[in-house]
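Hi,

Here is the structure for your next look. My notes on strand pairing and aromatic contacts follow below.

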Amino acid sequence: MTRSRSNRGSSTAARDLQRQQLLFWKWRDLITKLMINRINWSGLPETVDERFLETVLATQGKAVFYEEAGNLLATRVVIQDKPDVNENYSKFQSIGPGWTRDIPENEGILVWNSTNRSNNWTVFDEFASDLAELDILGRTNRSQQRWAKLLLADEANYNDVKRIVEDLDRGKPLTVGLTSLGKTIEAIALDLSTPYMQEDFHADKEAVLAELYLFLGLRSVSREKPAYMNYSETDSGNDAVARVREDLLLPRSQAAEAMNEKWGLDITVSWRDEQLNAMTDTNPSGAENDTDRN
């Protein structure tokens with residue numbers, strides 16, 4: 001008993017959807033790693049986990065620092081009061097796994113992910129979707145280079161034509177065994193020749209990645225002939241990156257200063273880019289790029 005063609009189509013659609021989801025999560029995982037490893041918190045007490053703090057800021061847009069039983073904690077937060085004239089808040093509720101804590105007024109210090117107080121997760125999901133789609137388009141285009149013909153066969157010849165195509169696809173010697181003597185396989189071949197477009201897809205992916213890196217505050221140098229890049233033109237790009245970094249560092253630094261004053265700590269916040277600078281900030285002429293000092 002053979003499966004109906006509708007069932008075969010449903011199975012193929014399910015596999016395609018699964019592949020698309022896997023590719024989306026591949027890029028989502030990369031973006032998450034980049035997001036939570038951009039910024040270095042120095043001087044945090046042992047009771048505050050930097051990885052968790054940056055994860056909360058990236059996904060929730062804000063976190064709260066407060067003291068409980070002599071320990072400084074940083075957790076997810078729910079704001080409980082209306083904003084003042086400057087849209088700031090003073091009453092918070094700490095959120096943990098299966099518990100909540102009402103923080104006394106003015107006893108918690110709120111830290112935002114950015115100066116515009118957003119977490120940008122929906123934007124980064126769009127980046128992951130675009131990159132996954134380019135992966136799929138690239139794979140489809142490569143697959144189309146293997147088969148430039150579409151074979152159309154009637155129901156009686158379907159299984160024989162399908163087996164022939166599968167043998168060719170696996171690189172097996174072509175053997176034909178008919179189910180009955182005298183039977184002939186009739187099929188119509190349609191030309192499906194498509195150009196090889198990997199360079200175009202690669203350029204599109206580079207453009208999406210460059211935009212993603214800008215949103216993340218990461219410098220990006222194209223892998224395409226970096227020796228011929230016009231570095232005077234990249235100054236404006238580096239300046240935009242510096243502004244994105246400032247947008248992320250400023251609210252963290254303000255929270256660190258408030259914590260230092262309130263609890264006598266020495267917390268500082270900086271961009272974690274020493275290795276990135278070593279890989280991307282080399283000018284072919286040997287001259288130092290002034291924007292690298294920002």
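**Aromatic contacts and strands**

Phe124, Phe127 and Phe215 form one aromatic cluster. Keep in mind that this is a predicted model.

The count of aromatic pairs comes to five. One of them joins tryptophan 41 and phenylalanine 65. The geometry is tilted, with 5.9 Å centre to centre and 45° between the planes. Tryptophan 41 sits in strand β1 (residues 39-42) and phenylalanine 65 in strand β2, so the pair ties together parts 24 residues apart in sequence. Tryptophan 41 is buried, at 5% relative accessible area. Phenylalanine 65 is buried too, at 0%.

Phenylalanine 127 and phenylalanine 215 make another pair, this one edge-to-face. Their centres are 5.3 Å apart, with 65° between the planes. That angle is over 60 degrees, so the pair counts as edge-to-face. Phenylalanine 127 belongs to helix α3 (residues 121-146) and phenylalanine 215 to helix α5 (residues 198-216), so this contact ties together parts 88 residues apart in sequence. Phenylalanine 127 is buried, with a relative accessible area of 6%. Phenylalanine 215 is partly exposed, at 36%.

Now the strands. β2 (residues 62-68) and β3 (residues 71-79) pair in the antiparallel sense over five bridges. Valine 64 has threonine 75 as its bridge partner in β3. The two strands, β2 and β3, form a hairpin with two residues between them. Alanine 69, in the turn, has a positive phi of about 55°.

β3 also pairs with β4 (residues 92-96), antiparallel, over four bridges. There, arginine 76 has isoleucine 95 in β4 as its bridge partner.

Best regards

Terms used. Residues are numbered from 1 along each chain as its sequence is written. This is a predicted model: local features need pLDDT of at least 70, side-chain atom pairs count only at pLDDT 80 or more; totals for chains, interfaces and linings use all residues. Side-chain values use heavy atoms; hydrogens and water are left out. Two strands pair if DSSP finds at least two bridges between them. Rings of Phe, Tyr and Trp (its six-membered ring) pair if their centres lie within 6.5 Å; planes under 30 degrees apart count as stacked, over 60 as edge-to-face and the rest as tilted. Buried means under 20% relative accessible area, exposed over 50%, partly exposed in between (1.4 Å probe, protein chains only).
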